[in-house]
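Me: Hi! Could you walk me through this one while I have it open on my screen?
Reply: Happy to, let's take a look together.

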Amino acid sequence: MTIPDSSGYCYMMENGSIELPCKPEEEKRIVQELTAKAEANLREGNLYYVISSRWFITWQRYTGKIEGDYPFDGHSIESQFTMPSVIVDRPGPIDNNDIVANGMDNEDDLQLLRTLEEGKDYALVPQEVWDKLLKWYKGGPALPRKMISVGDQQKQFIVEVFPLSLRLIDSGDQSEVIIRLSKKASLHDLYEKICQLKGLDPEKTRIWDYFNKQKHTILNSSSQTLEESNLQMDQDILVEVSTDGFGKDYTGNGLQLVPIEPTRSTFSIAGGPNMSNGYSTSNSSNLYQESSLTSTYADMEDGYDGMKPVTGGDRRGLAGLQNLGNTCFMNSALQCLVHTPHLAHYFLQDYSDEINTQNSLGMHGELALSFGELLRKLWSSGRTSVAPRAFKGKLARFAPQFSGYNQHDSQELLAFLLDGLHEDLNRVKQKPYMEINDSDGQPDEEVADGFWRYHKARNDSIIIDICQGQYKSTLVCPVCDKISITFDPFMYLSLPLPSTATRSMTVTVFYGDGSSLPMPFTVTVLKQGCCKDLNQALANACCLSNDEYLLLAEVYEHRIYQYLENPSEPLATIKDDECIVAYRLPKRDAVLTRIEICHRYLDTERKLFLTPLVTVMEDPQSGADIDLAVSKVLAPLRRKVFSTSKTIDSSTETDSPMTSTEDQMNIDSTQLGTAVQSEEETEAAGMSSRDLSFRLCITDDKGYACRPIDKDSPIRPGRLLKFMMEWTEQEHELYDSSYLKDLPEVKRSGFLSKKTKQESISLFSCLDAFLKEEPLGPDDMWYCPRCKEHRQASKKLDLWRLPDVLVFHLKRFSYSRWLKNKLDTYVDFPVENLDISKYVKSKDASEGSHVYELYAISNHYGGLGGGHYSAYCKLIDDNKWYHFDDSHVSPVSESEIKTSAAYVLFYRRVKRNINGTAGEQSEQLVHH
């Protein structure tokens, strides 16, 4: 069956299975409308479908729906400047086989590969979109997934791509079977599924949480969810069957008393049973009796009694943390905090009086309680590793961004934990309102103390006591020189990694006014620089005048792929095999229209070729204005001698040099108009014979529609206008197009390239870069109270007040619209005697020593997404370093802890002796 021609789109039915398709633009419109409708109506239970990126990207290219990250060449396909260079073939049937783990063996239980990443390996589309795509293309297999709600305080809707997988073990015959349910399914649902699968009587069936092949708790049939029960991906559960039924208080190990139907409370941590508020079976414990906070057995780390006094002999601090599925980031951050002497000392004591259950900014004390329980477990379990299931459950509730089984950032988790612990332990129950006035010439000491008093009046906790410092921020208006000084608190310092490594970049400069031929320039810039640095280096190389600027762009497939107009865009996003150009354009006060000109052959295929040209005009009105601009920008390419099949006045065929570019441009226009256009050709192109010097078509933003223009064609106003110039043999005779061919790459790959030595910088150079004065970015303008306008002020930071625990975050990861990058630069940091006195501007001697000693490091190995975290921690009691790699803990020498993997550094203040020498640390873990 042949499908009738529809505006150039003609398709053949395949085995009669594919329905008559829409045009690509229509498919795109329908999908966008259905997606927008679905996103406006998000709710639990909505159905989404997983589609392989390999197929979906092909469809996006076909329809021009260029969105998301293109996973195969590192380019983003989200750019308003991106246009397809050729018509892309219609994709075949939907094919999801490359993302399915068990192939097509069991179509009723298709599972995805666990290593898949959204945006890179697969896309998610609403059910309505899937139905349309399936109707248009057929194929499959279908991979439906439901939307669930995560988080307590910050509700978020996510698609549960990987349901909870549990290994069911039968206590009778030891047989095993895998069952899968949503983590939001209830324990009642779990019982129903198992009893139906095994043909069991629910009244005679009991299911155990069998994590690590050990009985932990009975999972009673209730409305409690699997997530609230702290069940983890791929863990074991045990089913037992009794011929006589089970007693309601039987647990099998004599250590726990678990009711069949647990009571629930408003702020129950996991929705399980209450046990004297969860921390002791003794009736003497009356913690939080006046609050609605309760805990449960499931809240505790595998049965640990969180409020049991911890004796000195129990605290060994050498317990590892089991990896619960890409939780090494959490384990690394936790070990660093757990081995912070001040925090260990605090949480090993009775801190119950400081729990703040009323703070609306906190988590009703639950995060602090959960962290305290975990810390006590780690300090009392010897070398037995701990599974932080309850703590991970808390993160899923209060910080849903850390839920699931994806890798996350240990520093981001650390920031959340410090802030969350502070709010849960904030001693201030009612925060007073206080006004902070501008410095207005007051001494810095008075202003700083005022800011600190205000901050402490609203924030007072163990975290503030030991982890919070203060820095001075100075803003200067570049217009009126207004100075604004504030003193802000900090919990950690995020230090940039200044790089001295350079790279050579070749960029071709085009003259937008047609005054000269294109010229490639090779410049040297900082490897970790930004587009502003490249722009400045090119400006110096090509002697750019003050009334000009350079517009950077990437050219791909003879089109402008993207304009690099963001000055802060990292140069790391530009690869060596890309082609970068710079258009030299005039600066004017008037609003200019950017004219973009692409080139194609005037033949049946109409393929694109040559490099696009860009110029600017002030308010173009008609096709004649565009024709003049094209003529001007092409002027340098005109051949001095050429021949054509048409007769041209001999006076124009001369070898004498042109007196000016303008004369050259005028001759180009007149000669091209006479030599190229015949009546037949212009009529074939839809233009009258009296019209333009060039065959020009105006295109839409995506380059699909091309409409010929003549000299009287009105031009709609706009900031960017795109045109297509069609070339024939006559244009090639008039112009030397070789100057627009074969753009050089940023850096040609060769065999002579030397392997660069790993760069090394010091922690002090990172501090210098953090504290140096620099202008604010265009997106971070400061409102000047004197000018009454937003200004791009200069900003200078200075350290003023230092905490007992000083945390440095080394900014190894950089993110941009198109690329994620990690710096593996080796940072040389002192282990002992880190003296930063010269950076502290306060002269108050009561602030204490400015000398610090390292005690913990959070490390990140490998690249983004697939990397791994571990921690180095110094055990206080024996003054030795250990490597905490999830559940594995091993001793390590001090000489081994300084690596290029160091990501977050933890220092503690060293007290000064009377004679001024470094003495003991300001806090030690004491035995009781």
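Me: Let's start with glutamate 726. Is that residue buried or exposed?
Reply: Glutamate 726 is buried, at a relative accessible area of 5%. Keep in mind that this is a predicted model.

Me: And which residue does glutamate 726 form a salt bridge with?
Reply: Arginine 600, with the closest N and O atoms 2.7 Å apart. Glutamate 726 sits in strand S23 (residues 720–727) and arginine 600 in strand S19 (residues 593–601), so the pair links distant parts of the chain, 126 residues apart.

Me: Is arginine 600 buried or exposed?
Reply: Arginine 600 counts as buried because its relative accessibility is 10%, and the cut-off for buried is under 20%.

Me: How many salt bridges does a search of the whole structure find?
Reply: The search finds 34. Some share partners: one network joins Glu354, Arg427, Lys456, Asp460 and Asp465.

Me: Next, aspartate 444. Which side chain does it meet in a salt bridge?
Reply: That of lysine 472, at 2.7 Å from N to O.

Me: What does H10 lie across?
Reply: H10 lies across S11, S12 and S28, and runs at about 45° to S12.

Me: OK, sheets then. What is the strand order in the open sheet of 4 strands?
Reply: The order is S12-S11-S28-S25, and the pairing is antiparallel. At the edges are strand S12 (483–490) and strand S25 (774–775), each of which pairs on one side only.

Me: How many bridges join S11 to S28?
Reply: There are 7 between S11 and strand S28 (residues 794–801), and the two run antiparallel. Serine 473, for instance, has leucine 797 in S28 as its bridge partner.

Me: Changing topic: how do S35 and S36 pair?
Reply: Strand S35 (residues 868–875) and strand S36 (residues 880–885) pair in the antiparallel sense over 5 bridges. Alanine 871 has phenylalanine 884 in S36 as its bridge partner. Their hairpin has 4 residues between the strands, and asparagine 879 there takes a positive phi near 55°.

Me: And where does S36 go from there, which strand is S36 joined to by 5 bridges?
Reply: That is strand S37 (residues 888–892), running antiparallel to S36. Tryptophan 881 stands opposite valine 892 in S37. The hairpin of S36 and S37 has 2 residues between the strands, with aspartate 886 at a positive phi near 55°.

Me: Last topic, the largest nonpolar core. Which residues touch the most other members?
Reply: Phe347, Phe371, Phe391, Leu413, Phe416, Leu417 and Phe906, out of 60 residues in that core. Helix H5 (residues 328–338) gives the most to this core, with 8 residues.

Me: What does phenylalanine 371 touch?
Reply: Leaving out residues up to four places away in sequence, phenylalanine 371 touches Leu334, Leu337, Val338, Phe347, Phe391 and Leu421.

Me: And what is in the second core?
Reply: That separate core has 39 residues, among them Leu592, Ile595, Leu610 and Leu613.

How values were computed:
Residues numbered from 1 in each chain as written. Predicted model: local features only at pLDDT ≥ 70, side-chain atom pairs only at ≥ 80, totals over all residues. Heavy atoms only, no water. Salt bridge = Lys/Arg side-chain N within 4 Å of Asp/Glu carboxyl O. Buried < 20%, exposed > 50% of the residue type's maximum accessible area, 1.4 Å probe, protein only. Pairing = 2+ DSSP bridges. Contact = heavy atoms within 4.5 Å. Axes fitted to C-alpha atoms, helices over the stretch in contact; angles between N-to-C directions. Core = buried A, V, L, I, M, F, W, Y, C linked by side-chain atoms within 4.5 Å.
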